[in-house]
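Please open the structure in a viewer and keep the selection tool at hand.

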Amino acid sequence: MRLENITWPQAETYFQENDMVLLPLGSIESHGRHMPLGTDALIPEHLAKLIEEKSDILIAPSIPYGICQDLTDYPGSISIAPDVYYEFLKQVVENLYLHGARKFVMLNGHGGNVSTIQRVGTEYEKKGCLTAILNWWLIAGELDPKWKGGHGGAEETAAILGINPDLVDKNEIGGNLVLYDLTENIKAKGYQVCDYRGVPITIPRSIRRITDSGWIGPDHPREATTEWGKEMLETTADFLVDFMNEFAKVDWQKKKNEK
């Protein structure tokens with residue numbers, strides 16, 4: 001059930017009987033030369049579509065923009081400042097809270113959003129709410145270890161292939177990933193992490209100063225298939241529905257009073 005598609009009396013009835021809302025969150029940013037800029041928004045929105053077919057949960061309109069300041073060197077990427085994102089997300093949650101929402105399911109497609117979602121969730125826990133942060137790519141990787149992947153790699157590429165193969169430019173996938181080391185001994189290992197003498201060191205840099213392509217392994221996007229993507233998305237959606245059915249049973253206010 002989509003919030004934007006129902007009337008306010010229907011919304012009133014829903015909140016009289018239910019206190020849970022699903023909110024898809026994403027980002028507009030580079031995912032390699034082969035992937036659409038909206039990857040992090042398209043996948044949660046598609047999962048929400050699958051969930052809508054399997055569940056009566058109220059789904060709020062997606063927030064497609066996210067926090068991705070280290071990717072703005074790639075044309076088309078749009079980053080929202082963390083404080084602005086926090087204030088906007090908080091306003092959405094506050095309004096839903098006023099209507100009766102007490103359980104917020106954040107279906108998230110972008111790692112850069114996580115700390116801000118946690119911040120909002122922590123604040124509203126004090127008001128008697130619970131927030132579940134469902135980072136789809138981590139959940140999928142736990143459901144099947146062979147699905148685990150990095151930014152713009154095979155996992156995300158498979159997901160987009162499963163949504164619409166026309167959105168992936170396979171001619172742009174290219175060869176092996178090339179990362180830019182800082183010195184011969186300080187070697188780039190991935191997203192903001194370098195290796196020095198076997199010890200991981202965090203050194204924040206624009207991703208374009210780490211790799212020109214925009215995707216970061218360890219999984220190579222050439223391994224992705226449409227079949228993998230469809231199976232992964234369906235399996236993940238089924239898990240999310242199962243989780244939300246269990247999450248709905250939580251009486252958080254009662255549990256708080258029992259402490």
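## A guided tour of the predicted model

Begin by selecting Gln-192, which sits in the loop between β5 (186-190) and β6. The model is predicted, and this should be kept in mind at every stop. Although Gln-192 is not a glycine, its phi is positive, near 70°. Is Gln-192 buried or exposed? With a relative accessibility of 13%, Gln-192 counts as buried, because the cut-off for that class is under 20% relative accessible area.

Tyr-196 is partly exposed, at 38% relative accessible area.

Now select Arg-197, in the loop between β6 and β7 (199-202). Here too phi is positive in a residue that is not a glycine, at about 55°. Which class of accessibility applies to Arg-197? Arg-197 is exposed, with a relative accessible area of 71%, since any value over 50% falls in that class.

**The crossing of α5 and α7**

Two packed helices are described by the angle between their axes and the distance between the axes. Display helix α5 (residues 136-143) together with helix α7 (residues 226-247); their axes come within 10 Å and cross at roughly 100°. The two helices are therefore roughly perpendicular, because angles of 65 to 115 degrees belong to that category. To see the contact itself, show the side chains of Trp-136, Ile-139, Ala-140 and Leu-143 on α5, and those of Met-232, Thr-235, Thr-236, Phe-239 and Leu-240 on α7.

The whole structure contains 16 salt bridges. For one of them, select Asp-83 and Arg-119, whose side chains meet with an N to O distance of 3.9 Å. Asp-83 belongs to helix α3 (residues 82-99) and Arg-119 to helix α4 (residues 114-125), so this pair ties together parts that are 36 residues apart in sequence. Asp-83 is exposed, at 54% relative accessible area, while Arg-119 is partly exposed, at 39%.

Glu-123 counts as partly exposed, at 27% relative accessibility.

A further salt bridge is found by selecting Asp-181 and Lys-187, where the closest N and O atoms are 3.7 Å apart. Asp-181 is partly exposed, with a relative accessible area of 37%, and Lys-187 is likewise partly exposed, at 37%.

**Val-21 and its surroundings**

Select Val-21 in strand β1 (residues 20-25). At 1% relative accessibility, Val-21 counts as buried. Which residues are in contact with Val-21, leaving aside its neighbours within four places in sequence? Select Phe-15, Ile-57, Leu-58, Ala-60, Leu-96, Ala-101, Lys-103, Phe-104 and Val-105 to display these contacts. For a distance across the model, take Val-21 and Lys-146, which are 125 residues apart in sequence; their C-alpha atoms are 31 Å apart.

**Two further distances**

Go on to Asn-164, in the loop between α6 (154-163) and β5. Asn-164 is partly exposed, at 28% relative accessibility. Its C-alpha atom is separated by 17 Å from that of Gly-32, 132 residues away along the chain.

Finish at Asn-5, in the segment before α1 (8-17). Asn-5 is exposed, with a relative accessible area of 60%. How far is the C-alpha atom of Asn-5 from that of Leu-89, and what separates them along the chain? The two C-alpha atoms are 21 Å apart, with the residues 84 places apart along the chain.

Notes. Residues are numbered from 1 along each chain as its sequence is written. This is a predicted model: local features need pLDDT of at least 70, side-chain atom pairs count only at pLDDT 80 or more; totals for chains, interfaces and linings use all residues. Side-chain values use heavy atoms; hydrogens and water are left out. Buried means under 20% relative accessible area, exposed over 50%, partly exposed in between (1.4 Å probe, protein chains only). Helices (H or I, at least four residues) and strands (E, at least two) are DSSP runs, numbered from the N terminus. Axes are lines fitted to C-alpha atoms, for helices over the stretch in contact, and angles run from 0 to 180 degrees between N-to-C directions. Angles under 35 degrees count as roughly parallel, over 145 as roughly antiparallel, 65 to 115 as roughly perpendicular and the rest as oblique. Contact means heavy atoms within 4.5 Å. A salt bridge is a side-chain nitrogen of Lys or Arg within 4 Å of a carboxyl oxygen of Asp or Glu.
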